[in-house]
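Here is a briefing on side-chain contacts and helix geometry. Please keep the sequence and the model open while reading.

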Amino acid sequence: LNTHHGGSFYKFNKPEEAHRLVGRFEWIFTPKHAFWLNMAELDFSALSRQCLDRRIPTINTLRSEVEIWVDERQHQRVQLEWQFSIKTARTKFKRHYDKIRIN
């Protein structure tokens, strides 16, 4: 199911039901190949390994633990080191550059 817009609901549901379902969501486009998304995934991975690697009994405890973890990372000024260089990008996207030059 394509989740970038509501059109997919109309493929699998009657128009009235599709319209009802589409109205339940706020559609926000987020690119799936983006630097910020990789950063978010890395942070969630760290959160999972460093903070959520055990059973947490209540939602309040979870909220508190995550807030403490976030505060500590901010205090330590944790930064991600992005290693996708221009050279790597040119190698990966070469086929796209060739298409652009042809047109």
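Buried means under 20% relative accessible area, exposed means over 50%, and partly exposed lies in between. F9 has 13% relative accessibility, so F9 counts as buried. The model is predicted.

**Aromatic pair**

- A search of the whole structure turns up 1 aromatic pair.
- The partners are F9 and F25, with 5.8 Å from centre to centre.
- Their planes stand 20° apart, and the pair is stacked; planes under 30 degrees apart count as stacked.
- F9 sits in helix α1 (residues 7-12), while F25 sits in the loop between α2 and α3, so the contact ties together parts that are 16 residues apart in sequence.
- F9 is buried at 13%, whereas F25 is partly exposed with a relative accessible area of 44%.

- The model has 4 salt bridges by the rule applied here. Among them is the one between E17 and R20.
- The closest N and O atoms of E17 and R20 are 2.7 Å apart.
- E17 is partly exposed at 30% relative accessible area. R20 is partly exposed too, at 43% relative accessibility.

- D53 and R54 form a salt bridge through their side chains, at 3.9 Å from N to O. The cut-off is 4 Å.
- Shared partners join D53, R54 and E65 into one network of salt bridges.
- D53 is exposed, with a relative accessible area of 55%. R54 is partly exposed at 40%. E65 is partly exposed at 27%.

**Helix α4 and its end**

- Helix α4 has 17 residues, which should span 24 Å at 1.5 Å a residue.
- Which residue just after α4 takes a positive phi? R77 does, with a phi of about 55°.

How values were computed. Residues numbered from 1 in each chain as written. Predicted model: local features only at pLDDT ≥ 70, side-chain atom pairs only at ≥ 80, totals over all residues. Heavy atoms only, no water. Buried < 20%, exposed > 50% of the residue type's maximum accessible area, 1.4 Å probe, protein only. Helix = DSSP H or I, 4+ residues; strand = E, 2+ residues; numbered from the N terminus. Expected span 1.5 Å × (residues − 1). Phe/Tyr/Trp six-rings, centres within 6.5 Å; stacked < 30°, edge-to-face > 60°.
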